Amino acid sequence: MDPSFIFYLLAVVLVLVGIAGIILPALPGIPLVFAGLLVAAWTDGFRHVGWVPLTVLGLLTLTSFAVDILATVVGAKRVQASSKALWGTFIGSIVGLFFMPIGLFAGPLLGALAGEYWHTRELGRSTKVGLATWMGILLGVALKLAIVIAMLGIFAFSWFF
């Protein structure tokens, strides 16, 4: 068996797990996609995908870190969420993983709501903060999905043209 088959298979698995990681907060989604594309380019000896597209893919990967952090923070800060709400979002995201698939979406919302309620004791405000934080997370997922689609498009364009 040709060993390159194993490396290409590894590349596909990394990309697929990375795409899943866009939604699952415990997985580093876009870095895994980048690693998979890098493995595929390396297996090919960088004949089809060279350093220029790989640099662009690397920059998109770095951009995804900013998107990940900023989307949640912008959603929360837009409604002046407390630091307890942000911690609640983080903890709720982790706990939500144990209650898939509903917990994946409800965890951050309920965590932010609980954190803000702990801080202010105002249910209306806490609900507003929870929803704003959750919308920020959804925006982040949408932006990261767009980044991955761009990365796959750049890689495919470089490979075939």
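Colour the protein chain by pLDDT, the predictor's confidence in each residue from 0 to 100: the chain averages 88, and 98% of the residues score at least 70. This is a predicted model, in which local features need pLDDT of at least 70 and side-chain atom pairs count only at pLDDT 80 or more, while totals for chains, interfaces and linings use all residues. Residues are numbered from 1 along each chain as its sequence is written, and side-chain values use heavy atoms, with hydrogens and water left out.

Select helix H2 (residues 29-43), where mean confidence is highest, at 96, then helix H4 (residues 83-96), where it is lowest, at 83. Helices are DSSP runs of H or I, at least four residues, numbered from the N terminus.

Next, select helix H1 (residues 3-23) together with H6; their axes come within 8 Å and cross at roughly 160° (axes are lines fitted to C-alpha atoms over the stretch in contact, and angles run from 0 to 180 degrees between N-to-C directions). H1 is therefore roughly antiparallel to H6 (an angle over 145 degrees).

Show side chains at this contact (heavy atoms within 4.5 Å). H1 contributes Tyr 8, Val 15, Ile 19, Ile 22 and Ile 23, and H6 contributes Val 141, Lys 144, Leu 145, Val 148, Leu 152 and Trp 159.

Finally, centre on Lys 144, which lies in helix H6 (residues 123-160). Lys 144 is buried, with a relative accessible area of 10% (buried means under 20%, with a 1.4 Å probe and protein chains only). Leaving out residues up to four places away in sequence, Lys 144 touches Ile 22, Ile 30, Val 67 and Asp 68.

Definitions and conventions:
Helices (H or I, at least four residues) and strands (E, at least two) are DSSP runs, numbered from the N terminus. Buried means under 20% relative accessible area, exposed over 50%, partly exposed in between (1.4 Å probe, protein chains only). Angles under 35 degrees count as roughly parallel, over 145 as roughly antiparallel, 65 to 115 as roughly perpendicular and the rest as oblique.
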